[in-house]
Amino acid sequence: MKSWKVEICLGCSLITLLLLRTALRANRIFRNDYADQWLDTTTATTRQRRGPQKRRAAAGTNDAERAMRMKQKRDNILASLYAPNGNLYNTTAEMTALIDHINDYTRCTHDAIPPLRGRATKAVRTDAERARWNPETACRFDPGEHAAKFDNLYTCNIGETQITIPKAPSFVIIGAQKGGTTSMFDHLLDHPNIRPTMNWFLSGQLRHEVHFFDFEWGSLERGNDFKKQSDLFCLAAKSYVEINFDVNTLLKADLYGETMLSFEKTPRYILRPNIAEKMKMTVPWVTRLIAVLRDPVDRAFSEFNMDQQRMLSVMETPQEFDKSVREELMHLQQNGLVRRSYDFSGNNIPEEIVPPGLSLAQEEAIFTKVEPQRPRYIKRGMYAVQLISWAREYSIPDNLLVLNSGNFHFGGEKETFHRVLRHVGLPYHDKQDFDVVHKRSYSFDMLNSTRELLEKFYEPYNARLAGILGKEWEGVWRYVKPAEV
């Protein structure tokens with residue numbers, strides 16, 4: 001056999017062995033000795049960053065100091081979880097029994113977790129048994145007479161069966177894609193009172209998005225035929241919490257009166273008008289949401305470059321982006337969101353693109369119909385239309401905090417970070433480094449004619465956004481003219 005063939009075979013074998021070793025270790029952690037190994041692993045990795053570009057550069061901070069702090073935090077957690085506490089229980093036996101019950105419940109929930117969480121895979125979509133309600137095999141947490149010791153439990157009923165789950169998440173980042181949500185996610189993970197999603201753990205800190213209310217909701221509806229809608233929402237809450245969040249740590253922190261919050265981010269949520277109502281009915285305890293909005297012109301260009309780089313496209317040119325923009329505008333024109341008289345030939349840029357007389361409710365109805373179509377670079381930046389349904393369910397800014405991503409850069413990072421902490425109810429955290437995640441370099445600039453076309457399209461939508469969010473959003477992006485006084 002030729003030497004290069006041998007080298008390829010050896011390389012493939014090595015990769016296979018590494019993957020097998022990772023899978024076997026994950027299986028041991030989640031099935032055999034959950035209580036100790038889970039704490040050992042997660043407390044050591046929760047604060048790790050995902051590569052050299054993510055490492056802290058703060059003065060006076062080094063690897064040895066960080067390792068010492070993580071070890072101390074781990075030891076404190078273990079001590080608090082297993083040491084008897086006379087203020088809570090009269091005997092150590094009661095404490096041990098309750099901790100064992102939490103561990104057994106957690107092992108059960110993790111047996112049902114698919115190998116990877118995130119954008120629904122074939123295994124997730126075809127696993128009807130996982131989505132179907134079966135009271136005999138369902139994982140159950142029943143604190144019994146000790147329920148009063150917990151402050152953050154939610155109970156509901158599926159038929160005659162009472163369900164008890166921890167109130168997770170505490171808040172949700174709903175959008176927007178390419179708006180800086182991954183940076184926000186990473187910065188929040190540095191807070192000592194935050195637990196990330198199971199998706200993040202199982203993927204080796206690579207996956208951030210849950211996609212429960214968009215991709216996985218349908219399997220619950222198809223797999224169950226409940227007579228009462230409340231049964232569906234209760235099952236959805238149970239599935240959402242047990243599969244996506246670290247219920248073990250959250251329950252034990254609640255038991256000991258410690259502040260420990262969880263959250264998730266799925267930027268696609270903001271696009272779907274029906275998700276706001278689903279979320280409010282499924283997780284009514286979630287009263288804090290966050291949306292991070294970016295200049296829609298720059299956002300569209302960023303998403304196009306992300307797609308091209310992921311696909312290793314050889315068509316990565318400014319002309320290709322211009323073509324995608326005009327194709328999407330034609331699609332919007334066919335559905336009534338662009339003037340019928342608009343001529344797309346050449347570099348024609350009319351004075352007005354959006355037809356007058358459409359109410360936001362009419363635009364929302366049209367937007368709902370056309371959103372799944374591709375390309376979708378323009379539609380994702382129509383923030384005013386997307387926020388209509390969310391504003392109906394969640395008050396702005398009391399419940400839904402809308403941030404301009406520009407404030408998260410150029411010197412405003414710390415102020416914005418602390419604003420988020422106050423919004424979700426987290427204590428002050430002295431964070432110093434605010435690295436940008438997924439920062440991409442572009443191989444070309446946007447054509448001036450394409451930018452002008454997009455600015456002309458977004459101008460009325462940005463003005464409507466300011467009408468929803470307040471005067472601080474007037475002229476927030478450079479091409480929006482402030483309203484005349």
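I began with confidence: the mean pLDDT of the protein is 79, and 74% of its residues reach 70 or more. I note here that the model is predicted.

Helix α2 (residues 34-45) has the lowest confidence in the protein, with a mean of 37. Strand β6 (residues 289-293) has the highest, at 98.

I checked two stretches where the pLDDT is below 50. Residues 77-91 form one of them, and beyond near neighbours in sequence this stretch has 32 contacts in the model. Residues 480-485 form another, with four contacts in the model beyond near neighbours in sequence.

Next I turned to the cysteines. How many disulfides does the model hold? I count two disulfides, taking sulfur atoms within 2.5 Å as the cut-off.

Entry on C108 and C139. I find a disulfide between these two residues, with the sulfur atoms 1.9 Å apart. C108 sits in helix α4 (residues 92-111). C139 sits in the loop between α6 (128-131) and β1 (153-158). The two cysteines are 31 residues apart, and the pair links distant parts of the chain. I read the torsion about the S-S bond of C108 and C139 as about -85°, so this disulfide is left-handed.

Are the two ends buried or partly exposed? C108 has 26% relative accessibility and therefore counts as partly exposed; buried would require under 20%. C139 has a relative accessible area of 9%, so I list C139 as buried.

Entry on C156 and C234. I find a disulfide here too, with an S to S distance of 1.9 Å. Which elements does the pair tie together? C156 lies in strand β1 and C234 in helix α10 (residues 229-244), so the bond joins parts that are 78 residues apart in sequence. The torsion about the S-S bond of C156 and C234 is about 75°, so I record this disulfide as right-handed.

C156 is buried because its relative accessible area is 10%. C234 is buried too, because its relative accessible area is 3%.

Last, I checked the order of pairing. With the bonded cysteines of the protein numbered in sequence order, I get 1-2, 3-4.

To sum up my notes on handedness, the disulfide of C108 and C139 is left-handed, whereas the disulfide of C156 and C234 is right-handed.

Key: Residues are numbered from 1 along each chain as its sequence is written. This is a predicted model: local features need pLDDT of at least 70, side-chain atom pairs count only at pLDDT 80 or more; totals for chains, interfaces and linings use all residues. Side-chain values use heavy atoms; hydrogens and water are left out. Helices (H or I, at least four residues) and strands (E, at least two) are DSSP runs, numbered from the N terminus. Buried means under 20% relative accessible area, exposed over 50%, partly exposed in between (1.4 Å probe, protein chains only). pLDDT is the predictor's confidence in each residue, from 0 to 100. Contact means heavy atoms within 4.5 Å.
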